[in-house]
Amino acid sequence: MMVEAGYETIGREVIKCTRCPLHKSAIRRVIGKGSCSPKVFFIGEAPGKSENETGIPFYGRAGKELDKMVEYMELSEEDWMVTNTVKCHPPENRRPKVNEIECCKPFLLAQIILLNPKIIILLGNTAEKSFCPERKLEWGAPVEHEGRTILKLYHPAALIYTRSKVETQHAFIDKNRHLWS
C-alpha cells in the first residue's frame with residue numbers, strides 16, 4: 001500500500017506510527033536523508049539522541065564519520081541515502097529489540113522498493129540482523145540477496161570507538177568500489 005502511494009506516504013505513515021513502544025519517547029521520527037534515486041542505500045541501527053532531536057539520521061558524531069566514509073567512497077549527494085532499521089530513538093541509546101525492528105521493517109522495505117538502489121550497505125550487525133536475519137554476512141564481502149547487492153561495513157560509530165578499524169574499512173571500500181562507480 002505504501003509503495004503504491006509513493007515515497008511521501010512512507011514519511012507520513014512513520015510519523016503517525018504507534019506499532020511499538022518506541023514512539024512514546026520519540027521527539028522526532030527519523031525517516032531518511034539523501035537522494036531519492038540513490039545508487040547506494042545505507043542502513044544503520046537506530047536514531048541516537050541528536051537524531052531524535054533533529055529528525056535527521058546520522059546527525060551527530062557518527063554522522064560526521066559517515067560523511068568521511070561517503071567522501072572516501074567518492075559518492076556525490078545524488079548517489080546515496082541513509083536510514084536506520086527503526087525510525088524512533090530507543091531509550092538510553094540501547095539497541096532496538098527484535099519486535100521494534102519488525103514493526104519498522106515495512107517502512108524500510110517500502111523505502112528500498114521505491115528508491116531502488118543499486119547496492120545496500122548494512123552498517124553493522126544490527127542492520128544485518130534486521131535486513132537479512134537468516135544470513136550471516138562477512139565484513140566487506142558483497143552478496144546477492146533477494147535480487148540486490150548487499151555489503152556489510154562497520155557502523156560509523158564503531159570507527160569512532162575503534163580507530164584501528166578505519167584502515168580496514170577503507171580496504172573494504174577499495175575492494176568494492178566497482179559496485180557503485
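# Reading a predicted protein chain

Biologist: How much of the chain is buried?

Modeller: Buried means under 20% relative accessible area, exposed over 50%, and partly exposed in between, with a 1.4 Å probe and protein chains only. Of the 181 residues of the protein chain, 54% count as buried. This is a predicted model, where local features need pLDDT of at least 70, side-chain atom pairs count only at pLDDT 80 or more, and totals for chains, interfaces and linings use all residues. Residues are numbered from 1 along each chain as its sequence is written, and side-chain values use heavy atoms, with hydrogens and water left out.

Biologist: What does the radius of gyration say about the protein chain?

Modeller: The radius is taken over C-alpha atoms, and the globule rule is 2.2 Å times the number of residues to the power 0.38. For 181 residues a compact globule would have a radius near 16 Å, and the protein chain, with 15 Å, agrees with that. Its C-alpha trace spans about 40 × 35 × 30 Å along the principal axes.

Biologist: Which share of the contacts joins residues at least 24 apart?

Modeller: Contact means heavy atoms within 4.5 Å. Among contacts between residues at least 6 apart in sequence, the share is 74%.

Biologist: Is Asn84 buried or exposed?

Modeller: Asn84, in strand E3, is buried, with a relative accessible area of 1%. Leaving aside residues up to four places away in sequence, Asn84 touches residues including Val30, Ile43, Phe58 and Leu108. A polar contact is a pair of N or O atoms within 3.5 Å; within protein, one must be able to donate a hydrogen and the other to accept it, and residues adjacent in sequence count only if both atoms are side-chain atoms. The side chain of Asn84 reaches the backbone nitrogen of Glu45 at 3.3 Å.

Biologist: Where is His89?

Modeller: His89 sits in the loop between strand E3 (80-84) and helix H5 (98-115). His89 counts as buried because its relative accessible area is 11%. A polar atom of its side chain lies 2.8 Å from the backbone oxygen of Pro47.

Biologist: Is Lys129 buried or exposed?

Modeller: Lys129, in helix H6 (residues 125-131), is exposed, at 59% relative accessibility.

Technical notes: Helix = DSSP H or I, 4+ residues; strand = E, 2+ residues; numbered from the N terminus.
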